[in-house]
Amino acid sequence: MPQQQDVELMDRGQPVIPQKADEVVLDAFRRWGYLEANLDPLGFLRPQPHPELQGDSDAARQARAWYCGSLGVEFMHIPDPERRRWVQERMEAPAPPIDPQAVFERLLRAETFEVVLHGRYPGSKRFSLEGVTALIPLLDEVLETAAARGLREALIGMSHRGRLNVMVHIVGRPVRDVYAGFEDPDPKSVLGSGDVKYHMGATGTYRTRAGVELRVKLVSNPSHLEAVYPVALGRTRARQTREGKGARQRVMPIVLHGDAAFAGQGITAEALNLADLPGYTVGGAVHIVVNNLLGFTTPDRELHASPFATDVAHRLMVPIFHVNGEDLEAVVRAARLATEFRYTFGTDAVIDMIGYRRHGHSEVDDPTITQPLMYKAIKSHPPLWEIHARRAGIEPGDAPARVREEYSRAQEEASQLEARVPLAQLPDYWSPYHGGCHDKKDEIDTGVPLETLRELTAKLTSWPDDFHVHPKVRKLLEQRAAMVEGRHRLDYGMAESLAFATLLIEGHPVRLTGQDSERGTFNQRHAVLIDVETERKYMPLGHLAPNQGACEIYNSTLSEAAILGFEYGYSRDYPEALVLWEAQFGDFANNAQVIIDQFLSAGEDKWGLLSGLVLLLPHGYEGQGPEHSSARIERFLQLAAEDNLQLCQPSTAAQYFHLLRRQALRKWRKPLVVFTPKSMLRHPASSSPIEELTRGRFRTVLGDEQAAPGARRVLVASGKILHELRAESERRGDTATAIIGLEQLYPFPTTPLSAALGRYPEAREVVWVQEEPKNNGAHFYVVPRLRAIVRHPRVRSVKRRASASPATGSGKAHLLEQQALLALAFTSSGEPED
């Protein structure tokens, strides 16, 4: 800085602080200046005076110009001095110029798009961008800046506000095609949509001023606002993994948020926490909070206790740029700064762009009822393109009429279309896979030669010479080696490890995440070994063969919703990989219910999007209480329709092995929910001989090979209770009862179950047995289907009584209940069940 006492003028007439200026004053403005920034175009969010920002010295005046104008920044919470210095230097440097004419054209088009929609389709929901149309030039600058740093593909996650506008002006979809969504085409058309137009995804090309073509993907999203955030991250991570070295420069997520949702929805905090974690980082996302200072009818002062909606982002070491959405120079500058920060430090950056919402929440709503003063001001407030033109000295001329005519003509063309035009195209790597209804031709054999299993076991049970394995883990690995040699039967842990290993050497990537998943909640996996002297990690699955598939196994954060959303997103862009998410206990999956309901179960039907994601949900009644017993099978069965899901509960290690391989190898791509065991993970009854891995496939129904054809009673069960029934039968010396295992609950295996039941023509009753209460589990689903198959014998069920809680909290009560279930299963009832 200059040495003289007087303020010296820099380029473009902007003064700087002399070296001897009051650093205390300057530091205060760096820390608190954003509080006094002029951020709200309507003036409702007033600057917040701060006692440390008083004074009128040269230093204070200059610092105020830097930090209290239309652009304010929070960055002094960042502990890294290099990051703070980076922001400081750029905020205290002259602002780069913008092209006001280009910005004018973009604002005019964004606004006209909405005006034509409003006039041609009155009463239709569209979630207009009017009031925050500066989003379009903001996104322009993000993409321009990123393209100069190597970007070639952007994934945009956003909710419905402004989504249609972004489809046209950023993704590059023709105006006609978007307008066509309002024309209600023939619902029989294969080009029709399974969701409302402002939830649909889109793909297209964005051309920068330098002629660089960027692939842009707008991620499909339900009305659950922030739910798309981790999904967009997961899709980005998958795309980066596919691209390989340097991919974080070439592929970047841009996540748009509403102010109310960013502050209020917990999944935001969960997803922000992933930013710099090795298993989840994408090299940074650019976050844009499109801030209306309003959530539906609720004002900002009732939406968050802290001053700004973005305060949740303080958990990250990143800057938060607050910008007035009607100062286009400031908006473009914020976009450039945030994007450059992302590329410089490989982490997130946040922009809080403040504007307003011209209409009600969904255009059909009357906002003057709840915000009369705000909407009185909005009514007389000119559109942004007019404000910008006046400030920049631009004469609009015939441009408004010309653009309106262009968009009106597009609307006329849309009205002539016989069906909607698809807005998105799947990447080529999806071409081998398909959804729809299940077909027998999708089934494949999944056995692996014994010699291959032995060779892989040698790799899975070894480690580097300088690596120090825990004695207990060493013993476990020795036992696993003995399993493959035939000296012990395989448990679930070894069966899973071999399933992963065989897929990896066949070229299929494997990704598994979840809470404590490296070791496994129940000490069953140990996929990642820990050196007891250095805590260095070693993953045998990553060292099987030179050209094997990539293997990623990570402990996740203590989150369900964000992690499951991330892995769903990952599976969307890596269909050839086996992608798994494991809950610590299946009971905790309901923390991610939005992802399960809106994406996993309905994504294909709503958006035509497939996923092969696997959910591993530990399930079983073992006296551990209401929160450690049930993965809520009944909820998944309620979601099951049109072959949208696979719901399985494999009762042996070999079945688990074949199920995992089936999921990866067949081309029918559907989410798979596996209700995995807990106490049965190492139980002899559920273990398997190594030979069962070398032949056959996953069997949806397990018949009773020991029962005589003259059995008078047939018990049908799934999961742990199946083994308990067999043990009880043996204890009783019962020879008149057959026990059938239902390994797949959905799609329901009618044909194989009918065949299994048909082996016992003399049976007088068929009994469905479950551990869960009557209003839980598969009772409501299985019993009617058994009745449809078995028409003459009585069909009844044994289960716990209906209960508001899934399980008792008393271990003794649990044992008594379990004994009663087993006794009732082997006792004939006088009447069939109602």
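**Sheets, helices and a pocket**

Modeller: Start with an open sheet of 7 strands, in the order E14-E11-E15-E16-E18-E17-E22, with mixed pairing. Its edge strands are E14 (551-555) and E22 (744-746). From one strand to the next, the twist averages 20°. Keep in mind that this is a predicted model.

Colleague: What makes E14 and E22 edge strands?

Modeller: Each of them pairs on one side only.

Colleague: How do you know that E11 and E14 pair?

Modeller: Pairing takes at least two bridges. E11 (residues 510-514) is joined to E14 by 5 bridges, therefore the two count as paired. They run parallel. Within E14, tyrosine 554 is the bridge partner of threonine 513.

Colleague: Which helix lies across E18, and at what angle?

Modeller: H23 does, running at about 165° to E18 (672-676). H23 also lies across E15 (578-582), E16 (614-618), E17 (646-648) and E22.

Colleague: Arginine 662 is in helix H23. Why is arginine 662 called buried?

Modeller: Buried means under 20% relative accessible area. Arginine 662 has 3% relative accessibility, so arginine 662 counts as buried. Arginine 662 touches Glu443, Thr446, Gln646, Cys648, Phe698, Thr700 and Gln744, leaving aside residues up to four places away in sequence.

Colleague: What is the strand order in the open sheet of 5 strands?

Modeller: The order is E19-E21-E20-E23-E24, and the pairing is mixed. The edge strands here are E19 (701-702) and E24 (794-800), each pairing on one side only.

Colleague: How do you know that E19 and E21 pair?

Modeller: The cut-off is at least two bridges. E19 and E21 have 2 bridges, so they qualify as a pair. The sense is antiparallel. Leucine 702 stands opposite glycine 741 in E21.

Colleague: Which helices pack on or lie across strands of this sheet?

Modeller: H24 packs on the sheet, touching E20 (713-717), E21 and E23 (765-773). The direction of H24 makes about 165° with that of E21. H27 (residues 811-825) lies across E20, E23 and E24, at about 170° to E24.

Colleague: What makes up the lining of the largest pocket?

Modeller: The pocket holds about 870 Å³ of space. It is lined by 34 residues, and Leu702, Gly703, Glu705, Gln706 and Arg726 are the closest to its centre. H23 (653-665), H24 (720-732) and E21 (737-742) each give two or more residues to the lining. The largest share, 6 residues, comes from H24.

Colleague: How do the lining residues divide by type?

Modeller: There are 10 nonpolar, 13 polar and 11 charged residues in the lining of the largest pocket.

Colleague: Turn to E1. What makes both faces of E1 count as covered?

Modeller: Leu71 and Val73 are buried on one side, and Gly72 and Glu74 are buried on the other. In general, side chains of a regular strand alternate between the two faces of the sheet.

Colleague: How do you know that E1 pairs with E9?

Modeller: E1 and E9 (residues 320-324) have 4 bridges, so they are a pair. They pair in the antiparallel sense. Valine 323 in E9 is the bridge partner of leucine 71.

Colleague: Which residues of H1 are buried, and what covers them?

Modeller: In H1 (residues 23-32), the buried residues are Val25, Leu26, Ala28, Phe29 and Arg30. Their cover includes H2 (58-67), E1 (71-74) and H3 (81-91).

Conventions. Residues numbered from 1 in each chain as written. Predicted model: local features only at pLDDT ≥ 70, side-chain atom pairs only at ≥ 80, totals over all residues. Heavy atoms only, no water. 1 Å grid on protein atoms, 1.4 Å probe; cavity = no way out; pocket = protein on both sides within 12 Å on 5 of 7 lines; lining within 4 Å. Points joined across faces, edges and corners; volume = space filled by probe spheres on them. Nonpolar A, V, L, I, M, F, W, Y, C, P; charged D, E, K, R; others polar. Contact = heavy atoms within 4.5 Å. Axes fitted to C-alpha atoms, helices over the stretch in contact; angles between N-to-C directions. Buried < 20%, exposed > 50% of the residue type's maximum accessible area, 1.4 Å probe, protein only.
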